[in-house]
Structures are given as structure tokens and as C-alpha cells.
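Dear colleague,

Please find below the structure I am handing over to you, followed by a summary of what was found in it.

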Amino acid sequence: MRQNVWSRGVVVAMLMALGACDDEGDDGADEGNGADVPAVVDGCPDGDDLVDIGQTRTCTCDDGTESMQTCLSTGEFADCQCVGGGW
């Protein structure tokens with residue numbers, strides 16, 4: 001019986017110590033705030049306009065030719081789809 005009470009005391013002390021560690025340095029910020037999950041966006045900003053996801057806009061390649069780039073679900077445009085020497 002005495003050993004059983006002692007074991008329970010050790011377990012309670014360990015749990016309390018673990019609980020105390022969780023509170024240290026807690027600034028109220030939620031570590032699981034979803035920072036690794038893309039935010040829900042309506043489209044990609046293009047000047048004062050908003051291009052819908054999946055839509056394209058014109059872009060200029062390094063050689064001066066015009067091409068297209070697509071609005072991605074991340075709210076950013078994909079690379080300009082230049083062909084040939086336009087890279």
C-alpha cells in the first residue's frame with residue numbers, strides 16, 4: 001500500500017512538472033495558427049484589379065515578347081510562360 005501511494009505521488013509530481021513547462025514563455029499565441037496552410041484568397045492582385053484564380057494576364061518575357069501567366073490559388077501569379085529565347 002505504501003509503495004502504491006508513493007507511485008501515485010511520483011506520477012502526480014511528473015504531471016505537474018510537465019504542466020508547468022507548457023506555461024513557460026506562453027505569450028498567448030496559438031502555435032497551431034495554420035501558418036503552413038495557404039490563406040483563402042479571392043484572386044491575384046494586378047494593379048488596382050483582382051484577377052480570379054485560374055485566369056491569366058499578359059506578361060513580358062526577357063526578349064520583349066508578350067506571353068501569359070496564370071493566377072494561382074496562393075494569390076500569386078505563376079512564372080511568365082515564355083518560349084524560345086524569351087527566358
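Is the disulfide link of Cys61 and Cys82 left-handed or right-handed? With -105° about the S-S bond, this link is left-handed. Please note that the model is a predicted one.

The sulfur atoms of Cys61 and Cys82 lie 2.1 Å apart. Cys61 sits in the loop between S3 and S4, whereas Cys82 belongs to the segment after S4, 21 residues apart. Both Cys61 and Cys82 are buried.

The structure contains three disulfides. Another of them joins Cys44 to Cys71, with an S to S separation of 2.1 Å. The torsion about this S-S bond is 90°, and the link of Cys44 and Cys71 is right-handed. Cys44 is part of strand S1 (residues 43–46) and Cys71 of the segment after strand S4 (66–70), so the bond ties together parts that are 27 residues apart in sequence. Cys44 has 0% relative accessibility and counts as buried; Cys71, at 2%, is buried as well.

Cys59 and Cys80 form a further disulfide, with 1.9 Å from S to S. Its torsion about the S-S bond is about 85°, so the disulfide of Cys59 and Cys80 is right-handed. This pair links distant parts of the chain, with Cys59 in strand S3 (residues 56–60) and Cys80 in the segment after S4, 21 residues apart. Cys59 counts as buried at 8% relative accessibility, and Cys80 is buried with a relative accessible area of 14%.

Counting bonded cysteines along the chain, the disulfides follow the pattern 1-4, 2-5, 3-6.

Yours sincerely

Definitions and conventions: Residues numbered from 1 in each chain as written. Predicted model: local features only at pLDDT ≥ 70, side-chain atom pairs only at ≥ 80, totals over all residues. Heavy atoms only, no water. Disulfide = S-S within 2.5 Å. Helix = DSSP H or I, 4+ residues; strand = E, 2+ residues; numbered from the N terminus. Buried < 20%, exposed > 50% of the residue type's maximum accessible area, 1.4 Å probe, protein only.
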